[in-house]
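Please keep the sequence and the model in view while reading.

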Amino acid sequence: MVGEALLLSCMILCFVGGVQVFFIRKVNRLSSGYWIACLGTLFMHSLSVYISERLTGQPGTEYHIALRIACFFDYFFAILIAYFFTLYFCYTIDPKHKNRKMMMFARILSTVYLIVLTVSQFTDFLYTVDEDNQYLRNPGYVTILIMGFIIIVANAVMLFRNKRKLTRGETVAFWIFVLVPANAVVLQYLIPNIRFISFGITLAAIVMYVFIASEQVQQHYLNMQENDKLKTDVMLSQIQPHFLYNSLTAIKYLCRKDPALAEQAITEFSRYIRGNMDSLTAEPLIEFRQELSHAKAYLSMEKLRFGDELTVDYQIEAEDFDIPPLTLQPMVENAVRHGIRESAEGKGTVTISTKEYPDRYEVIVSDDGAGFDPSALPDDGRRHVGISNVRERLERVCDGRLEIRSAPGQGTVVVITIMKDFDVKESMIFE
């Protein structure tokens, strides 16, 4: 009765934990995926053990077959639990590379485990189901315990070596998950009739999840506030008074000289202002088409002011991808104001192009203007703010990159890289 009560508690804890993961999955999609796999496997393991407990001692051939199947899945899900949690450890320590050596070790150990389990179905190496449908552990069972203990020790070593990469909450949570199952393995060996391993792993997993989830949610809201501040800073850095005054002056002039063109200018001007304002409440990622439209509105206004002195070339090969708002337009404005207008001739071409590769998209903004030394950005309080904020939001929201290639007198090329397989992280909002 004690064993069954523990197993039912395990299933309830896994179910409740899985529901919670589902509702906060947008905090970190990949992390939530690992947790759903872990808790789902824990639930299936506890269910298999519970079924085997209920079938034990029941007379009949059908119960004998069902008990052997339940025992097989008991052992099968046990190694999956260790494997999935090891993957999660590797992901948390190094989200990009995921500690490949440790992952390979976990795969090899899991494969050996499954081979032993499969062979045991024909040799009764691990356990036996006798004629009375009683489950009996054989001496080979110690082999499974040793394998489980090895992977626990390996995770402990990995956590110790990489403790500086973890937050305090993650460190505490992971050590709980390492130490509680380790003690449960010992208790399971000493008291075989009670399922200490199942309950110990489940309890440790739930405690670990509570620690990590609460920390992730807190960090999520902090990052949302930071992202909102960054978007505001970028927007304010782009809406400069001189641009507004010059645009309105140009529109005033056109109202007398060319009313039709003035109407078009007002439309583009309002579209530009609306794009900046909408960015404050936009999702962390928007369609590139929308961002490109915003940049085109800005360039249309500048074309009205500078006429043939400003040439714009669009070479759009790909546009079916997402990008953080106010990413392209600040780079375009820098190209016009600091590139073209500060060149010796005061005129030139701004080119906006996109390219698609197997693993990424690239957005390139180039000009043939004045150029500058990227290692010594001018301290004008504007260009620097735009570049640094765009770079930070790219890295934070979608693991993106911003690269600048320039030299005095040789123009500037800005390359924005958006990886196809990125993890939408803390900046994602709840549904």
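Which side chains meet in a salt bridge of 3.8 Å, N to O? In this predicted model, they are those of Glu 333 and Arg 337. Both residues belong to helix α11 (residues 328-340), where they stand 4 residues apart, about one turn of the helix. Glu 333 counts as buried because its relative accessibility is 1%, and Arg 337, at 18%, is buried as well.

The structure holds 9 salt bridges. Another of them joins the side chains of Glu 356 and Lys 420, at 2.8 Å from N to O. This pair links distant parts of the chain, for Glu 356 is in strand β6 (residues 348-356) and Lys 420 in the segment after β9 (412-419), 64 residues apart. Glu 356 is partly exposed at 45% relative accessibility, and Lys 420 is partly exposed at 34%.

Asp 320 and Arg 289 also form a salt bridge, with their closest N and O atoms 2.3 Å apart. Asp 320 lies in the loop between β4 (310-316) and β5 (322-323) and Arg 289 in helix α10 (residues 288-306), so the pair ties together parts 31 residues apart in sequence. Asp 320 is exposed, with 57% relative accessibility, whereas Arg 289 is partly exposed at 37%. Together with Glu 319, these residues are linked in a network of salt bridges.

A polar contact is found elsewhere, between the side chains of Asn 133 and His 64, at 2.9 Å. Asn 133 sits in the loop between β1 (127-129) and β2 (135-137) and is buried, at 2% relative accessibility. Among the residues that Asn 133 touches are Leu 55, Pro 59, Tyr 63 and Leu 67.

Methods: Residues numbered from 1 in each chain as written. Predicted model: local features only at pLDDT ≥ 70, side-chain atom pairs only at ≥ 80, totals over all residues. Heavy atoms only, no water. Helix = DSSP H or I, 4+ residues; strand = E, 2+ residues; numbered from the N terminus. Buried < 20%, exposed > 50% of the residue type's maximum accessible area, 1.4 Å probe, protein only. Polar contact = N/O pair within 3.5 Å; in protein donor to acceptor, adjacent residues only side chain to side chain. Contact = heavy atoms within 4.5 Å. Salt bridge = Lys/Arg side-chain N within 4 Å of Asp/Glu carboxyl O. Lists of a residue's contacts leave out its neighbours within four places in sequence.
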